[in-house]
Amino acid sequence: MPKTFAAITAVGGYIPEDILTNSDLEKMVDTNDEWITTRTGIKERRILKDPTKATSDLAVPAVQQLLEKRGISAEDIELIIFCTSTPDMMFPATANILADKIGAKNAWGYDLQAACSGFIFGLTTGAQFIESGKHQKVLIVGGDKMSSVVNYKDRNTCILFGDACAAVLLEPNKEGLGLQDSILKSDGSGGKFLNIQGGGSLHPASHTTVDAGLHYAFQEGRSVFKFAVTNMAEVAHQIIERNNLSGEDVDWLVPHQANKRIIDATAQRAGVPEAKVMINIQKYGNTTNATIPLCLWEWEEKLKKGDNLILAAFGGGFTWGSAYLKWAY
Ligand code: UT7
């Protein structure tokens, strides 16, 4: 019997309408378009302004689009893995909230927390349920309403993040297409450089935690940059080498969009020219768990069956990883 691979068979995405440009940010903090553009590559980001809407509301239109494209109903979904760092609430899981909102009555699900590496962790985890034969239709969602945890008075972080969501459907494939390999890594000693400390069991929400700004995303950018630029590039190189590929065999590099300089370093180490690198950081900034599936969504029409894709990410935790996919449609 041929081996069962877990293949992506549909992609859906959603970006909120409101745009926050570099010139808007110039009016909010001491920054400028030139600094942001040269240091990060970002020109604008999308913001979900409606205060009554949460991360699950970004996911609903993304998943509905995916279901329509694939021609299936929400009731066909068996498992939802929601990769997010900005869940609607502490619990229940945003996966459960989403299932209820879209009518995925036959699905179970859970949230996966691996910061910006979440989608690659989720893809690898979800693939296990397909490869084992346990499930036929697994939804991997990557979404964040980063604007809910960004301090728009902190120029170190507010220029970086945006809101978005994208999702992929995993189904069994007997032709050898789909997820071929992945390398996942973590190093908890990096947690101090990138985190949200407030609201957990260590620092439960209180007036003190609010006054200290502990509910905002904190990042020591320079330290994170050093780890990200080496580890993301290295893990992408490693997966290419271990699968006996060269940069030329890679049709698309799909990097997490945190900083254009990190993307460039990863592409260089992987030996992949910029024309084959998915880059949309200029339009959306860092959308955390959404960056990689959002790229797949934007590039979907250019992808061909059998294309070799290398995904790579680095994020809080620290977490990082890379995946090798053969595109299935
Ligand atoms: O996605 C999860 C993983 N995250 C990442 O991979 C992000 C990694 N880090 C980075 O991308 C970069 O470190 C940043 C884009 C966050 C910052 O760039 P940097 O080149 O590392 O700048 P820096 O933090 O070292 O700051 C350089 C200077 C400082 O001034 P001094 O000390 O040299 O006088 C900052 O105060 O730039 C200043 N600065 C700014 N200036 C204008 C910091 N933020 C800003 C700003 N506008 N928004």
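## Ligand contacts

A nitrogen atom of the ligand lies 2.7 Å from a polar side-chain atom of Thr31. This is a predicted model, in which local features need pLDDT of at least 70 and side-chain atom pairs count only at pLDDT 80 or more, while totals for chains, interfaces and linings use all residues. Residues are numbered from 1 along each chain as its sequence is written, and side-chain values use heavy atoms, with hydrogens and water left out.

In total, 25 residues surround the ligand (a heavy atom within 4 Å of it). The closest are Thr31, Arg39, Arg222, Asn259 and Asn286.

## Two domains

The protein chain is divided into domain 1 (5-176) and domain 2 (180-326), with bounds from an automatic or database domain assignment. Their centres, taken over C-alpha atoms, are 14 Å apart. Domain 1 gives 50 residues to the contact and domain 2 gives 45, where contact means heavy atoms within 4.5 Å.

## The interface

About 3700 Å² is buried between domain 1 and domain 2, and carbon and sulfur atoms give 63% of this area. Buried area is the accessible area (1.4 Å probe) that two parts lose on being put together, summed over both.

The rule finds two salt bridges across the interface of domain 1 and domain 2; each needs a side-chain nitrogen of Lys or Arg within 4 Å of a carboxyl oxygen of Asp or Glu. Glu175 and Lys305 form a salt bridge through their side chains, at 3.3 Å from N to O.

Terms used:
Polar contact = N/O pair within 3.5 Å; in protein donor to acceptor, adjacent residues only side chain to side chain.
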